[in-house]
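Here is a short briefing to read alongside the model. Keep the 3D view open and follow each point on it.

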Amino acid sequence: MVIHTEAERFPYRGTVLAVHLVRWISVLMGAGTVLLTYLLAQSLLPKERSLALGAAAITAFNAMYLFITSSVNNDALVALLCALGLWMMVRFVRGAPTWRHWAWLGVVLGLATLTKSSALGMLALAALAAWRAWNRGGGWTPFWLAAAAATLIKGPLGLVLGAAGLLAFFWERRTDPTTPRPRGSHAVGIAIYLALCLGWFLLALHVSGYALIDKMIVQELFGQATGAHKHSFPGQNLAKPTIYLLGRFLPFSLFAFIGLWRVFFHPAAQAIERRFERFLACWLVAGIAMFSLAAHHRADLLLPLWPAGALLAGRE
């Protein structure tokens, strides 16, 4: 509960003035997200203007969205940046972007990941970009951009989870020897990935010194994976991630596991459909396996796996 006093009345001064100014900035960012929602829908379905208007209206008149974008927080900014990044990706996939376009997209995704960890949803874009590049035989730059965004939030695990679905190639190769290999150049994408991730790390290291290594590498990466600082060990609770995934997303998780069972025992007959469902299955199963073997478990860490589960559930 907040008790307002006479000092907060107009004309505003000091902290009160700053809060009101930031709230107006949040409102403007919220309006920008609504506009980008409209543009994104128009880019995906140019002939369905009513759908674009409906998508923008649903976003604009959502009660929680109105509350969030009229208060002081970083949610309005991360929503705006993620919407902008998604719209840019759709435009680039359909057009002929130059390296400058990819550089700007990298800036947008980097800002989104530095704004709030909820931008980890970009990891799903990395996975889907990997699928697109495999299926089309090239175009890996979007994957590396989204992987950089995920890495800035979650460390190297972001890259690993984003690429896990590509394990489906070896599975599909056993069924169909003519399955195309993942082709195409990675040079530009890797260069952008290293520029964003390594550049940020070196800058942070220059500012923070050894404390950064101790926190990020020793305590977070090594410590969380091995349980060295929590008196636990890898694989101690193998079933926890699976239980978390099943329990937190009920009832939809039930359909996701049914869909996973179908992929293994009753795969699709068409090659492109079978390849995609196996890509999703590898993304989900490899992710669960990695989290199960880790010593540190939290239900919210499984969110990057749910897009694969949702797509499998949607087929049922």
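Predicted model: local features only at pLDDT ≥ 70, side-chain atom pairs only at ≥ 80, totals over all residues.

Residues are numbered from 1 along each chain as its sequence is written, and side-chain values use heavy atoms, leaving out hydrogens and water.

**The α13 and α14 pair**
- The axes (lines fitted to C-alpha atoms over the stretch in contact, with angles from 0 to 180 degrees between N-to-C directions) of α13 (residues 252–265) and α14 (residues 271–293) come within 10 Å and cross at roughly 120°.
- L260, V263 and F264 in α13 meet E277, R278, A281, L284 and V285 in α14, where contact means heavy atoms within 4.5 Å.

**Two sides of α9**
- In α9 (residues 168–175), A168, F169 and E172 are buried, meaning under 20% relative accessible area with a 1.4 Å probe, protein chains only, whereas exposed means over 50%.
- These buried residues line one face of the helix, because they fall within an arc of 100° (taken from the directions from the helix axis to the C-beta atoms).
- The face turned away from the buried side of α9 carries the exposed residues F170 and R174.

**The whole protein**
- The protein has 15 helices and zero strands, which are DSSP runs (H or I, at least four residues, for helices; E, at least two, for strands).
- Of its 316 residues, 41% count as buried.
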